[in-house]
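Good morning, and thank you for joining. I shall go through one protein chain, from its overall layout to a few individual residues.

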Amino acid sequence: MCPGADLLGAGVPRDESPTPTIVRSYPTVAYVITEPCIGTKDHACVDVCPVECFYEGPDQLFINPDECIDCDACRPECPVDAIFPDTDVPSEWEKYIQKAVDVFKKGDLKVAITREKWEKEKGVAGTAANSYYQNYKK
Ligand code: SF4
Ligand code: SF4
């Protein structure tokens, strides 16, 4: 008999053996927006989201983890590749996972406006979009 056969337990087919649980040190939050959004924030992702789960942060947009359905529609739209599934965030940007969790605890973010509205605002002094690019020049 194979030396490891009895580890599976009598009568348990090999393909139904328990799958090991991977424990992560940070929360699960669906899709996450990371550093490249800061200073770009062009709202391209907003228009393709079927559940309108992008929210306006002062420096970047945020994805509401309770509303995101993991559809992946936003990722190819981002011109700076800022969006990742939480399981695939580059190690240098893992702090953006906790940042996304913390920002929704306050509950005071507004739903992000469409790209068209954002583009219009950019040229109008005193608007959020106009102020944004003065504060976060790249
Ligand atoms: S993965 Fe889909 S649901 Fe989630 S933020 Fe992107 S477009 Fe919206
Ligand atoms: S498309 Fe990318 S850079 Fe633009 S707002 Fe969305 S996450 Fe930020």
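In what order do the elements of the protein chain run from the N terminus on? The order is β-β-β-β-α-β-α-α. Please keep in mind that this is a predicted model. In total, the secondary structure of the chain comes to 3 helices and 5 strands. The chain has 138 residues, and buried residues make up 20% of them. As for contacts between residues at least 6 apart in sequence, 72% join residues at least 24 apart.

In soluble globular proteins, nonpolar side chains tend to be buried together. Here the largest nonpolar core holds 22 residues, and those touching the most other members are Val32, Ile33, Phe54, Leu61 and Ile63. Two or more residues of this core come from each of strand E1 (31–33), strand E2 (54–56), strand E3 (61–63) and helix H1 (95–106). Phe54 deserves a separate word. Leaving aside residues up to four places away in sequence, Phe54 touches Cys45, Val46, Cys49, Leu61, Ile63 and Ala112.

Next, the loop between E1 and E2, where I have picked out two residues. His43 is found in this loop. Is His43 buried or exposed? With 21 other C-beta atoms within 10 Å, against a threshold of 20 or more, His43 is buried. Again setting aside residues up to four places away in sequence, its contacts are Ala112, Ile113, Thr114, Arg115 and Trp118. His43 can also be related to Glu119: the two are 76 residues apart in sequence, while their C-alpha atoms are 8.7 Å apart in space.

The second residue, Glu52, has its place in the loop between E1 and E2 as well. Glu52 is exposed, having 12 other C-beta atoms within 10 Å, and the limit for that class is 12 or fewer.

I come now to the helix pair. Two packed helices are described by the angle between their axes and the distance between the axes. For helix H2 (residues 115–122) and helix H3 (residues 128–135), the axes come within 6 Å and cross at roughly 70°. H2 is therefore roughly perpendicular to H3, and their crossing is right-handed. Which residues meet there? From H2 they are Trp118, Glu121 and Lys122, and from H3 they are Ala128, Ala129, Asn130 and Tyr133. Sorted by class, this contact has 4 nonpolar, 1 polar and 2 charged residues.

Finally, some backbone angles. Most residues other than glycine have a negative phi, and most peptide bonds are trans. Asp70 has a phi near 60°, a positive value in a residue other than glycine. Asp81, not a glycine either, has a positive phi of about 50°. Where do they lie? Asp70 is in the loop between E3 and strand E4 (83–85), and Asp81 has its place in the loop between E3 and E4 too. Asp70 counts as exposed because it has 9 C-beta neighbours inside 10 Å. Asp81, with 12 such neighbours inside 10 Å, also counts as exposed.

That concludes my presentation, and I thank you for your attention.

Definitions and conventions. Residues numbered from 1 in each chain as written. Chains lettered and ligands numbered in written order. Predicted model: local features only at pLDDT ≥ 70, side-chain atom pairs only at ≥ 80, totals over all residues. Core = buried A, V, L, I, M, F, W, Y, C linked by C-beta atoms within 7 Å. Helix = DSSP H or I, 4+ residues; strand = E, 2+ residues; numbered from the N terminus. Contact = placed C-beta atoms within 7 Å. Axes fitted to C-alpha atoms, helices over the stretch in contact; angles between N-to-C directions. Parallel < 35°, antiparallel > 145°, perpendicular 65-115°, else oblique. Left-handed = near helix turned anticlockwise from the far one by under 90°. Nonpolar A, V, L, I, M, F, W, Y, C, P; charged D, E, K, R; others polar.
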